[in-house]
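Here's a quick walk through one protein chain, from the overall picture down to a few individual residues. Have the structure open as you read.

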Amino acid sequence: MNAKDAQAGTDGVAMPVRYVKGVGPKTAALLEKKGVRTVEDLLYFAPIRYEDRRRIDRVSEITETRRAVVVGVVRKASAVYYRRVRVFEAVVDDGSGQVVLKWFRGNDSYLRWSFRPGRKIIFFGELKVSPFGKEMAHPDFETIDEGIDDENLHFGRSVPVYSETEGLQQKQLRRVVRNALDTFSQCVGSPIPAEIRSRRGLADIPSALKDIHFPAIDADVGLYNERKSLAHRSLVFDELFFFQLALALKKGVRDRAPGIAFRRRGKLVESFFGMLPFELTAAQRRVFDEVEKDMSDGRPMQRLLQGDVGCGKTVIAMAAVLRAVENGYQGAVMAPTEILAVQHHQNMRRWAEPLGLRIGLLTGSLSKKDRLDTLDRVASGRLDIVIGTHALIQDHVSFKGLGLVVIDEQHRFGVAQRQKFTEKGANPDVLVMTATPIPRTLAMTVYGDLDVSVIDEMPRGRARVKTKVFSERQRDRVYEIVRSEVAKGGQAFVVYPLVAGSETLDLRDATRMAGHLQRDVFPGFRVGLVHGRMKGEEKERIMSEFSGGGLDILVSTTVVEVGIDVPQASLMVIEHAERFGLSQLHQLRGRVGRGNRRSYCILMASSTGTKVSSRRLRVMEETNDGFLVAEEDLAIRGPGEFMGTRQSGLPEFRVANIFRDLGIMDEAREDAFSVIERDPGLARPENEGLYRELMRRWSDRIGYAKTG
């Protein structure tokens, strides 16, 4: 299909889904709950699995409970009662034996009409075998008095099964999808160059769409369920190619844009390194060399700095800020929470003031007078460095000469927020940091427009935090460990998943437990409470009190997950640990072991946890390596949940899965970047269709508009 035909088709499939035969207002509303609003959405609404219904089973040969397809004749059907529970039953005989079909709910008159004695029925479901006979509850069925039609969507083939919405039946879904394919599949194409499609052995999009919904009779159902069929591979490649094309185009635009060449190498950076009470690790030096090279080459730096909790990312960020300042520019650091912003401000102020630099803090909780004063000092250039939260990207914030932007905990911010921050200056350099390690391949995929640096070495003397899972039965032992650790001069965190009690969740909460621990468990110790619903000044006061040794035990929610630096904290207790994700558990664990004390993390687990949660907790016991933790978390949760789809800007693909399809992603990346290398702006006539399709799919999500 050429570019013009593809565009015409795009207009057709952009119509509301109600234009598909069989989709009325009620069905359209149900489909919308699944995110299916247009004809195109319906065409790409891929099945979640496939059932092999090609083989007809003989009842007499089924000796154990399993899923089966049976064809038989209805012998009798009626409603029966089991202890006042009404059940509709139909007895069907296939000549070798009988099966009792049961409905505990359903339209009685429709079932009576369908299962009239003598009718021939084909049905599918889990056939249970017991000493009392064979039965099947709520089977999928069709009457086949005239035989199985070749066009039957429900039997005699590999049958697609879609994710369910109450009120939307699988049979109905199959019919409307078939209607959409019959009417609109030829309207969908892809302008990916024929040479790429041929070299990668891909099917055309209309064929792939038909095949992914209704595989050929002789198709390998296993391949389809593993998402490895030609149809899946072709649609996945198409999605990932345009995603990578968006990243390649954005990176190309950035690489050609004029930036700041931070050439002057003064004494600020070396003076800063000299005042540190430790030597930089080899990894820190390597990463700072990469950052300095980017900052001096005259193109806008866009670099992702990854590193495990406590590896020393903030030191690198400060050194980069100083490089900008000694070249006459301002540096800004944005953090996702006020607590983390305050922590950064405290740390960086300790470093900046001895160097004669002016540093300020801008958060939402500042008084009006202080906020206006800070805004004026930023705009006039009387602040060299400003630390803040989202408040930094508000429209009324202006800089005199913003040269470097540092964004901490990048996964908490979206692409649009990063873009808005950079618009505060004339193409300032950008350094984004994350303490949630992302496997390198995934980082190259999700942040493909960024260069990636990794601090893969911990500072000398940073001891491994010993982690152990305890059950509810061992609670007294855990409290004894807390007493012992505090008595020895340490401090303890106790983290709960909830701020306050819940009527629907049977979980301990921070507010209630803080009072209980102070009053009934640790009356001789000083217990504090901090959570996200507190005002900024109150949170800061309590954290400062804990940091300064004024509290022995800090009860909190996950508000302490990132950035809290308390060297004397040597014990982390996480209640209801099975409720947390792996990366979150690892982040919380990183709040201890930051000084020279031997440190411990206790995971209190409920006996009601799942196999998946048990697996997570075992991983925490076995390793302190953030990258191993991240790999396992990614495998367990998948990339969308792992990254935090909405926060990170990670797209929700319709067919592709970043973790499963990394191999195809690499191929798509290679081909997409090759296209941009040959035609950086997609300006050549042969790439007109590519550019138009790219803008249709991605312009609102990549922050890119054609220039020139």
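## Ground rules

This is a predicted model, where local features need pLDDT of at least 70 and side-chain atom pairs count only at pLDDT 80 or more, while totals for chains, interfaces and linings use all residues. Residues are numbered from 1 along each chain as its sequence is written, and side-chain values use heavy atoms, with hydrogens and water left out.

## The chain overall

The protein chain has 25 helices and 21 strands. Those are DSSP runs numbered from the N terminus (helices are H or I with at least four residues, strands are E with at least two). Of the 708 residues, 55% are buried. Here buried means under 20% relative accessible area, exposed means over 50%, and partly exposed is in between, using a 1.4 Å probe and protein chains only.

As for contacts (heavy atoms within 4.5 Å), take the ones between residues at least 6 apart in sequence: 74% of them join residues at least 24 apart.

## H13 against H19

Helix H13 (residues 338-352) and helix H19 (residues 536-547) have axes that come within 10 Å and cross at roughly 55 degrees. The axes are lines fitted to C-alpha atoms, for helices over the stretch in contact, and angles run from 0 to 180 degrees between N-to-C directions. The two helices are therefore oblique to each other; under 35 degrees would be roughly parallel, over 145 roughly antiparallel, 65 to 115 roughly perpendicular, and the rest is oblique.

The crossing of H13 and H19 is right-handed, meaning the near helix is turned clockwise from the far one by less than a right angle, with anticlockwise being left-handed. On the H13 side, the contact uses Glu338, Ile339, Val342 and Gln346, and H19 brings Gly536, Lys539, Glu540, Met543 and Ser544. That makes three nonpolar, three polar and three charged residues. For these classes, Ala, Val, Leu, Ile, Met, Phe, Trp, Tyr, Cys and Pro are nonpolar, Asp, Glu, Lys and Arg are charged, and the others, Gly among them, are polar.

## H7 against H9

Helix H7 (residues 205-213) packs on helix H9 (residues 230-256) at about 125 degrees, with the axes 8 Å apart. H7 is oblique to H9, and the crossing is left-handed. Ile205, Ala208, Leu209, Asp211 and Ile212 of H7 meet Ala231, His232, Ser234, Leu235 and Asp238 of H9. By class, this contact has six nonpolar, two polar and two charged residues.

## Two positive phi values

Arg83 is a non-glycine residue with a positive phi, near 50 degrees. Arg83 sits in the loop between strand E2 (66-82) and strand E3 (85-93), and counts as exposed at 85% relative accessibility.

His576 also has a positive phi near 50 degrees without being glycine. His576 is in the loop between strand E20 (569-574) and helix H20 (582-589), and is buried, with a relative accessible area of 9%.

## Two helix residues

Thr422 lies in helix H15 (residues 415-422) and is buried at 13% relative accessibility. Leaving out residues up to four places away in sequence, Thr422 touches Gln302, Asn427, Pro428 and Val430.

Arg349 lies in helix H13 and is partly exposed, at 35% relative accessibility. Neighbours within four places in sequence aside, Arg349 contacts Pro354 and Ile359.
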